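Here are some exercises to work through with the model open beside you. Try each task before reading its solution.

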Amino acid sequence: MSETTKDTEMEPFTVKNEEIVATGQRAFQEGRCHSLEFRKEQLRQLKKMYTGHQEEWLQALKKDLGKPSLEGVLMEIHHLLSDIDHILKRLNQWAKSEEVPSMVPFDKSIIYNEPYGLVLVLGAWNYPLQLTMLPVHGAIAAGNAVIVKPSEVAPATADLIAKLVPQYLHRECYQVVLGGVKETTELLTNRFDYIFFTGSTGVGKIVRDAANKHLTPCTLELGGKSPCFIDESVDLEMAVRRIVWGKLINLGQTCIAPDYLMCSKTMQTKFVEKAKEIMREWYGEHPKDSDSLGRIVAERHVNRLAALLDSGTVAHGGKYEKDSRWFEPTILIDVGKDSKIMKEEIFGPILPIVTVETPTEAIQYINKGNFPLAVAIFDDKKQYKNLYRQVFGGNLCNKDYAMHVFSIKDCEFGQYRKCKIGLQAHRFTYKLEKKRRACNQSKIDLKDKTIDMDYHRGLLWGESRNGGFGILILLNLTNSY
């Protein structure tokens, strides 16, 4: 453990928000988090925090979401470790200044990559470790000080973050704040240099309004109804397995899970029968007893999901228990395009099927609604490229689901229009949380340079008194300005 973190047994800050913000601002202004080697060391410390306490993380995730251990390792811990490894291998290159062509002859123009300052990260509850700490990686790599606010909806994971982060990271550069809506609202009254929020559109608007009061740049990774279109040409067994898997990770509480399926009526019948068969194979006759399925995060979300069941006919599942936060994997058919379930993000294990006659009809419907975070197209006709170009939305998977998040490391991830830009992986998280600063270096001393303007003739003349250079630029004055 580094010298900056040797006070390992101390508890997280329990002071007022204003003092926490002032501490972070002071740490940044004093340059404590600027050194490239310091940033790397802090990222290495995070790796130790994840690996050295893996069982504690898995227990917290199990308590909050009933998350299976394999999901906790792959979707949370391993994803974070992979992100840090990727950053560490490339950080030297990313941090370099960039020389660009100068618009002023004989001068040198450079763009420096610099941190914003104090970054506020507001975490999400559905992947309470990964989605809270991933943007922290980018903020640290870019040289920012950070205040982390985990979601109170996943309290066990939030408490563990608050306990362990001060043990592994510099306690003044990187701080954790706990609390609910009241504490978050108070925190947002302070001025930050960048805000990174992951969560619902409704809360995202509140965060954006708070940021606007201080003209603070922010990233909002919001929700969206991610569609899945399945064509009759596709291998049905492969398609159903991948769609069901993508839907039921984290019991459907994933922002890029297939929110609804679009297909023909013939394909609907085939899909439902095959999905029932596969779910029996994976989860048995009593899926509630399966150790491969998690739980809904809170009872109020069970109630919310139950209210969506009357949007169609239950073709499979539909059972739920409020006390145990259990909701059975469910397929709805006879779903109207204007039904309640089609007007909001589901965020649970309910898959409604909307029947369409053609791919064009599916595209038209998708583009009329809120634009999605991800689009999945299952077909063997090689028409997915043409279809994808017509859909307004996030990233694409062809004959798979969610794999773009893991397979493409240096591309932004996010939805169209509804938020500035979505949650970023690897390089793009880093790029968001640092700013590009321009610098022009004149090669001639100012005292030796004169610039004159002949407004009548449209001439700009620059010269050095010692005869070092001369420039004549004829301006286009034929247009009125």
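Two strands pair if DSSP finds at least two bridges between them; strands (E, at least two residues) and helices (H or I, at least four) are DSSP runs, numbered from the N terminus. This is a predicted model, where local features need pLDDT of at least 70, side-chain atom pairs count only at pLDDT 80 or more, and totals for chains, interfaces and linings use all residues. Residues are numbered from 1 along each chain as its sequence is written, and side-chain values use heavy atoms, leaving out hydrogens and water.

**Exercise 1.** Work out the strand order of the open sheet and find its edges.

*Solution.* Start with the order: E5-E4-E3-E6-E7, 5 strands with parallel pairing. Next, the edges are E5 (174-176) and E7 (218-221); each has a single partner strand, so one side of each lacks a neighbour in the sheet. Finally, look at one pair: E4 (residues 145-149) joins E5 over 3 bridges, and Ile 147 has Gln 175 of E5 as its bridge partner.

**Exercise 2.** Determine how H2 packs against H4.

*Solution.* First take the axes (lines fitted to C-alpha atoms over the stretch in contact, with angles from 0 to 180 degrees between N-to-C directions). For H2 (residues 36-52) and H4 (residues 69-95), the angle is about 170 degrees and the axes are 10 Å apart. That makes the two helices roughly antiparallel, a label for angles over 145 degrees. Then find the contact (heavy atoms within 4.5 Å): among its residues are Leu 43 and Tyr 50 of H2 and Leu 81 and Leu 88 of H4.

Note on methods. Angles under 35 degrees count as roughly parallel, over 145 as roughly antiparallel, 65 to 115 as roughly perpendicular and the rest as oblique.
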